[in-house]
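Subject: Handover of a structure and its findings

Dear colleague,

Please find the structure below, together with its sequence. My findings follow it, and I would ask you to read them with the structure open.

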Amino acid sequence: YIFLNTVDITDYQVFPSREIQNASPTFHFSPAGSDAALEHSLPAALKRSPVETLDQFLARNGTVAFLVIQHDQLLVERYFNGYERDSICTSFSTAKSFVSALVGIALHEKLIGSLDDPLTKYIPEASTSFWHEISLRHLVSMSSGLKYHEGGFLPWDDDPRTYYSPNLRRLALSAQKSEAPGTCFRYNNYNLFLLGMVLERATSGSVSAYLQEKIWKPLGMEFPASWSLDSLESGMEKVESSLNACAVDFAKF
């Protein structure tokens with residue numbers, strides 16, 4: 001963390017990762033006609049200078065991919081700052097929505113019994129008393145009652161620790177209680193690591209493997225993807241972030 005000093009869209013090159021394969025048939029959005037109407041209307045709607053085009057606005061603000069889809073039709077597809085259709089974009093916290101979907105699929109397949117199951121049903125080594133109070137519903141609704149301070153920049157703050165720790169399972173089980181579960185919403189990356197552990201136990205495999213078979217292949221993704229890992233030794237997906245794929249495939253999800 002001290003060496004890199006920040007979180008960056010090219011961090012997929014820094015961490016080890018697990019591959020996620022796609023499979024035929026590939027789903028393709030229907031091509032649209034001219035997007036001239038969007039081109040001319042959006043800059044005015046954004047109240048930008050009339051001499052600045054939408055493309056200039058997006059490029060200036062660091063955008064790398066901009067897609068607009070309506071009714072399975074690809075209305076706009078733009079890439080900037082050296083990126084192309086097959087360039088990798090890392091998800092950051094959009095990965096949380098993929099984890100949520102995987103929990104829902106595991107529920108549907110009865111690999112997870114209920115959102116009201118206690119966490120300790122799947123992670124029995126979480127033996128401290130307050131862990132028994134936490135259910136899967138508390139985790140998916142960000143109301144686990146676990147202590148978390150978002151936005152810190154010192155190496156021992158929660159955001160850097162949850163992004164750079166080489167053993168996320170151990171880190172998650174070190175979380176402390178802040179309030180009773182279900183008391184309030186608290187954006188908390190520890191919840192995601194615990195859900196990742198639940199998915200590992202329930203599916204008897206990696207989170208990446210489950211994503212590959214239940215989402216990536218069935219949706220007909222155009223490109224393979226990857227999920228960054230905490231370390232080669234630990235081998236757990238950084239489920240709070242760091243799903244790496246092409247923008248057009250994120251759009252399919």
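Predicted model: local features only at pLDDT ≥ 70, side-chain atom pairs only at ≥ 80, totals over all residues.

Helix α3 (residues 95-108) and helix α8 have axes that come within 10 Å and cross at roughly 75 degrees. This angle makes α3 roughly perpendicular to α8, since angles of 65 to 115 degrees count as such. On the α3 side, the contact is made by Phe98, Ala101, Leu102, Ile105 and Ala106. On the α8 side, the contact is made by Val207, Tyr210, Leu211, Lys214, Ile215 and Trp216.

How enclosed is α8 by the rest of the structure? Seven of its ten residues are buried, so the helix is largely enclosed. The buried residues of α8 are Val207, Ser208, Tyr210, Leu211, Gln212, Ile215 and Trp216. What covers them includes the strands β1, β6 and β7 as well as the helices α3, α7 (189-203) and α9 (247-252).

Ser208 is found in α8. Is Ser208 buried or exposed? Ser208 has a relative accessible area of 1%, and residues under 20% count as buried, so Ser208 is buried. Leaving aside residues up to four places away in sequence, Ser208 touches Arg18, Ile20, Trp227 and Glu237.

The sheet beside the helix

Helix α8 (residues 207-216) lies across β1, β6 and β7, and runs at about 20 degrees to β1. These strands belong to an open sheet of four strands in the order β1-β6-β7-β5, with antiparallel pairing. Which strands stand at the edges of the sheet? They are β1 (17-20) and β5 (89-90). Each has a single partner strand, so one side of each is left without a neighbour in the sheet.

The pairings can be followed strand by strand. β1 and β6 run antiparallel and are joined by four bridges; here, Ser17 stands opposite Ser228 in β6. Strand β6 (residues 225-228) also pairs with strand β7 (residues 243-245), in the antiparallel sense and over two bridges. In that pairing, Trp227 has Leu243 of β7 as its bridge partner.

Strand β6 is covered on both faces. Ala225 and Trp227 lie on one side, Ser226 and Ser228 lie on the other, and all four are buried.

Aromatic rings and a lysine

The structure holds nine aromatic pairs. In one of them, the rings of Phe27 and Phe29 have their centres 5.3 Å apart and their planes at 85 degrees, so the pair is edge-to-face. The cut-off behind this step is that planes over 60 degrees apart count as edge-to-face. Phe27 is partly exposed, with a relative accessible area of 31%, whereas Phe29 is buried, with a relative accessible area of 12%.

Phe98, Trp216, Phe250 and Phe253 form one aromatic cluster.

Which rings does Lys238 lie over? Lys238 lies over the face of Phe15, at 4.6 Å from the ring centre. The charged end of Lys238 also sits over the ring of Tyr163, 3.8 Å from its centre.

Backbone details in the loops

The peptide bond from Ser24 to Pro25 is cis, with omega near 0 degrees. Pro25 is found in the loop between β1 and β2 (30-31).

Two further residues, neither of them glycine, have a positive phi: His71, where phi is near 50 degrees, and Ser242, where phi is near 65 degrees. His71 is found in the loop between β3 (65-70) and β4 (73-79), while Ser242 has its place in the loop between β6 and β7. Are these residues buried or exposed? His71 counts as exposed, at 75% relative accessibility, but Ser242 counts as buried, at 4%.

Yours sincerely,
A colleague

Definitions and conventions. Residues numbered from 1 in each chain as written. Heavy atoms only, no water. Phe/Tyr/Trp six-rings, centres within 6.5 Å; stacked < 30°, edge-to-face > 60°. Buried < 20%, exposed > 50% of the residue type's maximum accessible area, 1.4 Å probe, protein only. Lys NZ or Arg CZ within 6 Å of the ring centre and 35° of its normal. Pairing = 2+ DSSP bridges. Contact = heavy atoms within 4.5 Å. Axes fitted to C-alpha atoms, helices over the stretch in contact; angles between N-to-C directions. Parallel < 35°, antiparallel > 145°, perpendicular 65-115°, else oblique.
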